[in-house]
Amino acid sequence: MADQPDRRGFLKVATCALGGGLGLVVAAPVLRFVIDPATQTTVTTPSEPIDLGPAERFHGDQPTRVEIVAPMIKDGWTSARDVVLGAAWIQQKGDKLVAFSAVCPHLGCGVGYDGAQFQCPCHDSKFARADGAAQSGPSKRGLDPLDLKVVDGRVKLTWASFKLDQAERELA
Ligand code: FES
């Protein structure tokens, strides 16, 4: 009978330890699920190239404007399908295809094509057809080139956004 309090104390401690251990086992995955996205790099644009279809579509003597749609975007806790990222101008240059972002490097309006050169309707910047170089207007640089590859006859374009209204080309 003399050791009864010790046994009770031991049982209390053991019960607490077991309960605490079980609590940790249950809580750890939940905490990880809740906190984990905050520790990941936020992805706002896909790093994977986007398939734009057969390369023949872009052959010819005029540039073609295409909307760039990401099949899937993940951003922290959320994800979305078929997200329009922007638009690009694709044209043949010799036996290659080249792509420019259709986002004006001045303040981000959509750049059009007038049959001879690229031009922005917002503040009238103009860009050379051949290489996208700035010709006139307030834009401090030419159109931003985008990475384009032809793989098995299909155009794969990697989208990128750049900081606006500066001469240096810098990813946004
Ligand atoms: S946004 Fe294109 S010239 Fe200003």
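In the pairing of strand 9, Ala 99 has Leu 146 as its bridge partner. This is a predicted model, in which local features need pLDDT of at least 70 and side-chain atom pairs count only at pLDDT 80 or more, while totals for chains, interfaces and linings use all residues. Residues are numbered from 1 along each chain as its sequence is written.

Two strands count as paired if DSSP finds at least two bridges between them. Helices (H or I, at least four residues) and strands (E, at least two) are DSSP runs, numbered from the N terminus. By that count the chain has 1 helix and 10 strands, and the order from the N terminus is α-β-β-β-β-β-β-β-β-β-β.

Strand 9 also pairs with strand 10 (residues 154–158), in the antiparallel sense and through 5 bridges. Here Val 151 is opposite Arg 154 of strand 10.

Next comes the interior. Of the 172 residues in the chain, 17% are buried (20 or more other C-beta atoms within 10 Å of the residue's own; 12 or fewer is exposed, in between is partly exposed; C-beta atoms are placed from the backbone). A nonpolar core is a set of buried Ala, Val, Leu, Ile, Met, Phe, Trp, Tyr and Cys residues joined through C-beta atoms within 7 Å. The largest such core has 21 residues, and Ala 88, Trp 89, Ile 90, Ala 99 and Val 111 have the most contacts inside it. Strand 3 (78–93), strand 4 and strand 9 each supply at least two residues of this core.

What is Trp 89 in contact with, leaving aside its neighbours within four places in sequence? Its partners are Pro 63, Arg 65, Ala 99, Phe 100, Ala 102, Tyr 113 and Phe 118. A contact requires C-beta atoms, placed from the backbone, within 7 Å. Among contacts in the chain between residues at least 6 apart in sequence, 46% join residues at least 24 apart.

Definitions and conventions
Two residues are in contact if their C-beta atoms, placed from the backbone, lie within 7 Å.
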